[in-house]
Amino acid sequence: MILHGYFRSGAAYRTRIALNLKGVTYEQSGVDLRTGAQRSEAFLALNPQGMVPALETDQGVLTQSPAILEWLEETYPEPPLLPKEPDDRARVRAMAALIGCDIHPLSNLRVLTELRTNWGADQARIDGWAARWMVPGLQALTALVESHGRGWSWGAAPTLIDCYLIPQLYSARRFNIDLTPFPTLLAVEAQALAHPAFEAAHPDRQPDAD
Ligand SMILES: N[C@@H](CCC(=O)N[C@@H](CS)C(=O)NCC(=O)O)C(=O)O
């Protein structure tokens, strides 16, 4: 398998974590978002949406990290990233979607480029924009982790949510968001960063890192 990604991309980071948790071996191909490589003809042939990640498998190309993570769960059931009961599975997916659908897309590169280019936002306003969406999202997630977590975001082992949460906290720091009001999430992060699957997925450890 070849993962086309970018070291700092939150969506690629969550995919690397899931691949590592499942013990899948993969190669990486860097798509430098800073130079617009995601809009190159070669990359658009893989993903017409021009976004990372894209995962090349023997059967073809998979895109959209939530779909890739669900595919991994179905193709490599062990260790499970979702609980057994349908109600619990829905709750775990909802917690992941809280980040994947309602926080992460608002600080995407193309959104920030639009704010900078056509709405006159400087870095301080960009940071404020990111905080506007991340802080309430992380507050809501905290309440859910406090209800359901036992060391990890859900229960006592890594699940889908942790694949989303750790990259989101990494991203929050890049926007200078103060994370001290989120001790519950920071405790999960401390545990995750010591886990080999998460450690190997960290942006600083990727072949295309600066
Ligand atoms: N929903 C997509 C989002 C992917 C996404 O946001 N990718 C960003 C990097 S984190 C990207 O490629 N941005 C390129 C751009 O904005 O031009 C997924 O989860 O795969």
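This note sets out points on the domains, pockets, backbone and salt bridges of a predicted model.

1. Domain layout. The domain assignment divides the chain into domain 1, spanning 2-78, and domain 2, spanning 86-197. Between the C-alpha centres of domain 1 and domain 2 the distance is 20 Å. To the contact, domain 1 contributes 16 residues and domain 2 contributes 18 residues.

2. The interface between the domains. About 1500 Å² is buried between domain 1 and domain 2, and 64% of that area is on carbon and sulfur atoms. One salt bridge is found across the interface of domain 1 and domain 2. A reader inspecting the model may also look at the salt bridge of Arg93 with Glu70, in which the closest N and O atoms are 2.9 Å apart.

3. The largest pocket and its position. The volume of the largest pocket is about 1000 Å³. Its lining comprises 39 residues, and those that lie nearest the centre of the pocket are Leu33, His104, Ser107, Asn108 and Leu109. Both domains take part: domain 1 (2-78) and domain 2 (86-197) each supply at least three residues to the lining of the largest pocket.

4. The make-up of that lining. Two or more residues of the lining come from each of helix 1 (10-22), helix 3 (65-75), helix 5 (109-118), helix 6 (123-148) and helix 7 (160-174). Helix 5 gives the most, with six residues. By residue class, the lining of the largest pocket holds 16 nonpolar, 16 polar and seven charged residues.

5. The second largest pocket. The space in the second largest pocket is about 160 Å³. Its lining is formed by Pro80, Leu82, Pro83, Lys84 and Arg89, together with Trp154, Gly155, Ala156, Ala157, Pro158 and Thr159. Of the residues lining the second largest pocket, seven are nonpolar, two are polar and two are charged.

6. Cis peptide bonds. Most peptide bonds are trans. Val52 and Pro53, however, are joined by a cis peptide bond with an omega of about 10°. Pro53 is placed in the loop between helix 2 (41-46) and strand 3 (54-57). Another cis peptide bond links Glu78 to Pro79, with an omega of about -15°. Pro79 is found in the loop between helix 3 and helix 4 (86-100).

7. A positive phi. Most residues other than glycine have a negative phi. Gln64 is not a glycine, yet its phi is positive, at about 65°. The location of Gln64 is the loop between strand 4 (60-63) and helix 3.

8. Salt bridges. Side chains of opposite charge can pair when their charged atoms come close. In this structure there are eight salt bridges. One of them pairs Arg8 with Asp210, where the closest N and O atoms are 3.3 Å apart. The pair ties together parts that are 202 residues apart in sequence, because Arg8 lies in the loop between strand 1 (2-5) and helix 1, whereas Asp210 lies in the segment after helix 9 (196-201).

Conventions. Residues are numbered from 1 along each chain as its sequence is written. This is a predicted model: local features need pLDDT of at least 70, side-chain atom pairs count only at pLDDT 80 or more; totals for chains, interfaces and linings use all residues. Side-chain values use heavy atoms; hydrogens and water are left out. On a 1 Å grid over the protein atoms alone, a cavity is a set of points where a 1.4 Å probe fits but cannot get out, and a pocket is an open set with protein on both sides within 12 Å along at least five of seven lines; lining residues have an atom within 4 Å of a point. Grid points are joined across faces, edges and corners, and a volume is the space filled by probe spheres set on the points. Helices (H or I, at least four residues) and strands (E, at least two) are DSSP runs, numbered from the N terminus. Ala, Val, Leu, Ile, Met, Phe, Trp, Tyr, Cys and Pro count as nonpolar, Asp, Glu, Lys and Arg as charged, and the others, Gly among them, as polar. Domain bounds come from an automatic or database domain assignment. Contact means heavy atoms within 4.5 Å. Buried area is the accessible area (1.4 Å probe) that two parts lose on being put together, summed over both. A salt bridge is a side-chain nitrogen of Lys or Arg within 4 Å of a carboxyl oxygen of Asp or Glu.
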